[in-house]
Amino acid sequence: MLRFVQKIDLKHWKLLSSIILCIAGTEAMFADLGHFSKKSIKITFICFIYPVLLLTYAGQFAYVSKHLGAVDAFHLSESISNRALQHVFAVLSLFASAVGSQATITAGFSIINQCQALDCFPRVKIVHTSEQILGQVYVPDVNWLFMTLSIAITIGLHDISQLGKATGLAVISGMIVTTCLMSLVIALCWEKSLFASACFLVFFGSIEAMYLSTSLMNFFRGAWCLIILFLFFTTIMSAWHYGTLKKYQFDVENKVSIDWLTNYSPSLGVSRVPGIGFIYSDIEMGIPAFFSHFITNLPAFHQVLIFVSFKSSPVPYIPHNRRYLIGRVGPREYRIYRCIVRYGYRDSVRDTDDFEDQIISSIGEFIAREEYDYESLNSAEGKMVILGSLMEDGGTALIPVEEMGSSVCSPIVGGGSESRRNLLEGSSGSGNSDNRGGVSRKRVRFMLPPKSPQMRDSVREELQEIIDARESGTAYFLGQSHLLARKGSNLLKRLLIMVYVFLDRNSREPPVALNIPNAALLEVGTVYTI
């Protein structure tokens, strides 16, 4: 090593990049931390991997020391005295490549899952394969992407030497990122001194920077494909994060308070029509901007309004009795409610056919319990109550009655209830063809419980209004945003918005559809000028 350093030149400096391949694969072991426990990895490494490595390299060293003049003696397959066993290494190499690639693929799934949680990657389907370990995920879309890129790079480079150069750059780049993040962990999480963190970064970072420089010298010998992939994924993640952040900021800045809906809407000539309106939104406070845009242009909304938001939790399942958070928006006489639906990563939210019935039943329970809860009766907006369990007397505020019928309701906000029922019956005549016409399925109607002295007349009146509104029809409001770059924006900003719009149109839909029939769905388009 000393003689190598003394005679170092540009040609010999490039040879350092080949040393990285000696440790390639060890980082894949730590990539399995999201899928296996630390104890299982330690036991596997100490009891199996480490002894096998010692025996392998000891046997190779013994062969090299005895056959110093042998050609290609430093190849493991050539270090076997029995030539008949050399073919075994070909099979073992295939198994080793499969294991190493599988560890890298599963680590990629975990990274994509975390990036999507941080709004840094487009919406993809994430399948959680374990109810105990949160990190065990499978991403079908990314799996196909990995396969396509692997085949394309293998065919494009067409040389194992160039693949080795690209692999070396990938390994050392991952080590540098790990060292930088580890220095932050030492200073912020472990609360050590900045001097200790800086020493760690300088010592290991200088060594890794040396190997990085040697790998970058092989840019035109295979490392260029990794740089292109880095720029490709960086552009996607930056554009998606930028667009999502700007869109959320626009929603928060342009949302209106409930006072605008209750005080200023009469001056706009807003009328209330029979029915229930479900407004899906990402914000959990105030009125979303797209709904105020809708009321401004079409001054009417339903007799009962329910603002629905979804919130994921890092647990497998959310019990049914703790899934819905119900609150009241504005004064009691306006009949406006807010519902936050919580779900775990194993809950099938999109496959819930009786989602609407569960929300209405939870709101009925909230109304029945509200009169006994002075704090919730007089609290400001934002006070939510977890509902879903039976009442104290063992009954329910609304009694569901199942019957066969069509669940498709008219989204028209004008006209009488008779015309809405006619449209409902007409759309249900198409049977089970598709969502455009009507889908005949089990319909749930609600009834009030028998006359009880424990329930006040005001509560029964409000519950009866919800039942009547449900019979009149249900409409679903979804916001459809369109991002546009402001005139005079720089090229980078226009590029990020253009990429975000493309990804938003071609990525998976957010989990709010919930089997909504097209005849009852109303999408409100809003142009966001950034």
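Analyst: Happy to! The expected span of a helix is 1.5 Å times one less than its number of residues, and helices are DSSP runs of H or I, at least four residues, numbered from the N terminus, while strands are runs of E, at least two. This is a predicted model, where local features need pLDDT of at least 70, side-chain atom pairs count only at pLDDT 80 or more, and totals for chains, interfaces and linings use all residues. Residues are numbered from 1 along each chain as its sequence is written, and side-chain values use heavy atoms, leaving out hydrogens and water.

User: How do you know that the span of helix α8 agrees with its number of residues?

Analyst: Helix α8 covers residues 160-189, so its 30 residues should span 44 Å; the end C-alpha atoms are 41 Å apart, which agrees.

User: Why is Arg 335 called buried?

Analyst: Buried means under 20% relative accessible area, exposed over 50%, and partly exposed in between (1.4 Å probe, protein chains only). Arg 335 has 10%, so it is buried. This residue is found in the loop between β5 (324-328) and β6 (336-343).

User: And what makes Asp 119 buried, exposed or partly exposed?

Analyst: Its relative accessible area is 37%, so Asp 119 is partly exposed. Asp 119 sits in the loop between α6 (86-117) and β1 (127-128).

User: What is the phi of Asp 119?

Analyst: It is near 60°, a positive value in a residue other than glycine. Most residues other than glycine have a negative phi. Arg 335, not a glycine either, has a positive phi of about 55°.
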